[in-house]
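These are my notebook entries on a single chain. I set down each item that I looked up, together with the criterion behind it.

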Amino acid sequence: MRISVFGLGYVGSVSAAAFAGDGHDVIGVDVNEDKVRAINAGRSPIVEPGLAELLRAGVEAGRLRATTDAAEAIHGSDVSLICVGTPSQRNGSLDLTYLTRVCEQIGTVLRDKDSYHVVTIRSTVLPGTTHGRLIPALEATSGKRYGDGFGVSVNPEFLREGTALADFRQPPLTLIGHNHAVDAAPAAALYQHLPAPVYHTSIRVAEMLKYVSNVWHAVKIVFANEIGNLCKRLEVDSHEVMDIFCSDAKLNLSPYYLRPGFAFGGSCLPKDIRALQYRGKEMDLELPLINALLGSNRLQVQHAIDRIVETGRKRIGLLGFSFKAGTDDLREAPMVILAEALLGKGYSLAIYDRNVSLARLVGANKQYIEEQIPHLSRHLCDSVDELLDRSDVVVVGNADPEFPAAVERARPDHIVVDLVRLPLDFSRVRARYDGICW
Ligand SMILES: NC(=O)c1ccc[n+]([C@@H]2O[C@H](COP(=O)([O-])OP(=O)(O)OC[C@H]3O[C@@H](n4cnc5c(N)ncnc54)[C@H](O)[C@@H]3O)[C@@H](O)[C@H]2O)c1
């Protein structure tokens with residue numbers, strides 16, 4: 001393949017050298033003449049293990065060269081990878097100056113190019129940037145329409161500095177965001193030999209994924225450090241703790257608890273977070289991440305209340321009351337807080353949860369229900385049909401296997417507010433559907 005790589009910094013020079021190493025014909029472009037000179041002389045413009053050797057081999061084999069001339073690079077390639085920087089501005093917003101300028105340069109050259117050219121964004125950009133800024137810049141300067149003359153894909157990169165080449169050969173995954181299959185073809189071909197899954201998705205999802213990954217990595221580091229600081233004060237070996245913690249691939253390092261939805265509750269998580277917070281306070285130890293958890297969790301309950309209030313309807317049915325399906329435990333159930341808030345605002349409630357109804361009659365929770373939440377238990381109803389009759393908004397509070405069919409039975413004039421993302425067949429849902437955070 002004939003590839004031009006715009007921006008020869010950390011991402012661009014690694015990509016350019018690796019693709020040349022794979023046998024492609026690569027032209028690197030940078031506004032910085034020193035970097036261009038370095039690459040043409042077979043020297044690495046950055047410190048990265050193994051990169052200098054790979055660059056030199058590419059240059060000597062005649063498969064890699066660099067230029068400051070964008071036109072030469074565009075005319076000599078079929079696909080352009082954009083790897084210029086997207087730094088922070090003083091207020092934290094993304095500086096798109098370099099990226100927009102490269103798109104304008106590419107667009108200007110595309111005006112005179114007859115063959116279809118694919119522009120692949122490797123720089124990290126927020127969702128909406130490609131459609132809102134980059135495609136318009138390419139269209140305005142090329143005089144061509146996106147999808148007709150040129151295509152665009154988003155191919156974020158997941159390399160770590162210091163092990164970038166090894167990561168390039170063994171990435172965790174390859175991600176290609178595009179709207180037209182033809183725009184994905186060059187990137188798919190570039191990575192087809194790698195031992196990693198390839199995900200084809202929309203441009204927006206691809207843009208978002210890079211941020212989600214980086215923020216998650218930061219959360220992991222900050223969490224591990226807070227746990228480490230706590231362990232040291234408590235005279236516990238944090239590395240032994242985390243080694244064992246990380247060996248749990250069922251709940252700890254797994255997709256579990258990583259699906260957006262409703263707030264947590266139950267008898268353990270809130271109580272144990274509070275206990276750890278209190279111990280930290282006693283030891284004058286600041287734990288900003290751990291201390292933020294309960295506040296963020298409360299906000300998620302408030303988001304649900306806001307969505308219900310925004311419907312403008314007053315008769316609310318709660319499908320599922322305990323904090324998760326298959327339990328009658330109502331201790332610190334976020335649905336209880338939600339129900340109390342709605343009652344306080346004068347809404348009428350109908351609650352259906354067969355586990356809670358059963359517990360009201362016989363279970364160990366009978367006393368809790370009678371003594372702690374009598375004001376709520378009187379709103380329990382005996383069947384899904386009764387709940388549907390008594391409500392105009394149906395709020396799904398847990399993923400009981402009975403509930404997808406219940407939502408399908410909702411009337412066309414019902415509004416369903418789903419807090420758990422039920423597995424629904426939308427061709428059968430007649431009600432208006434709203435997910436809490438999707
Ligand atoms: N560094 C990383 O490990 C890493 C990893 C993943 C993603 N990213 C993302 O990739 C992008 C690039 O990061 P980087 O660290 O390689 O940046 P960098 O600052 O090292 O390199 C950017 C290069 O672009 C060049 N440039 C600027 N304007 C140009 C233009 N008009 N034409 C040609 N070249 C131009 C600059 O001279 C510079 O050499 C950023 O969006 C970054 O967030 C970086």
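I call a residue buried if 20 or more other C-beta atoms lie within 10 Å of its own, exposed if 12 or fewer, and partly exposed in between, with C-beta atoms placed from the backbone.

**Entry 1. Basis.** I worked on a predicted model, in which local features need pLDDT of at least 70 and side-chain atom pairs count only at pLDDT 80 or more, while totals for chains, interfaces and linings use all residues. I number residues from 1 along each chain as its sequence is written.

**Entry 2. Tyr257.** I located Tyr257 in the loop between α10 and α11 (269-282). For these labels, helices (H or I, at least four residues) and strands (E, at least two) are DSSP runs, numbered from the N terminus. Tyr257 has a phi near 70°, a positive value in a residue other than glycine. Most residues other than glycine have a negative phi.

**Entry 3. Arg421.** I noted a positive phi of about 60° at Arg421, which is not a glycine either. Arg421 belongs to the loop between β13 (415-418) and β14 (432-435). Arg421 has 16 other C-beta atoms within 10 Å and is therefore partly exposed.

**Entry 4. Met242.** I found Met242 in helix α10 (residues 238-246). Met242 counts as partly exposed because it has 16 C-beta neighbours inside 10 Å. I then asked which residues Met242 touches, not counting residues up to four places away in sequence. They are Ala224 and Ile227, a contact being two residues whose C-beta atoms, placed from the backbone, lie within 7 Å. Between the C-alpha atoms of Met242 and Arg360, 118 residues apart along the chain, I recorded 41 Å.

**Entry 5. Helix α1.** The 12 residues should span 16 Å, and the end C-alpha atoms are 17 Å apart, which agrees. I counted 11 of the 12 residues of α1 as buried, so the helix is largely enclosed by the rest of the structure. Among the buried residues of α1 are Val11, Val14 and Phe19. Gly23 follows α1 and has a positive phi, near 100°.

**Entry 6. Helices α5 and α6.** I asked at what angle helix α5 (residues 97-110) and helix α6 (residues 129-142) pack. The angle is about 35°, and the axes are 7 Å apart. Axes are lines fitted to C-alpha atoms, for helices over the stretch in contact, and angles run from 0 to 180 degrees between N-to-C directions. α5 passes α6 in a right-handed crossing, that is, the near helix is turned clockwise from the far one by less than a right angle. On the α5 side I listed residues including Leu99, Cys103 and Ile106, and on the α6 side residues including Leu134, Ala137 and Leu138. The residues of this contact divide into eight nonpolar, five polar and two charged. Ala, Val, Leu, Ile, Met, Phe, Trp, Tyr, Cys and Pro count as nonpolar, Asp, Glu, Lys and Arg as charged, and the others, Gly among them, as polar.

**Entry 7. Whole chain.** I counted 18 helices and 14 strands in the chain. Of its 438 residues, 35% count as buried. An automatic or database assignment supplies the domain bounds, giving domain 1 (2-202) and domain 2 (297-435). The centres of domain 1 and domain 2, taken over C-alpha atoms, are separated by 50 Å.

How values were computed:
Expected span 1.5 Å × (residues − 1).
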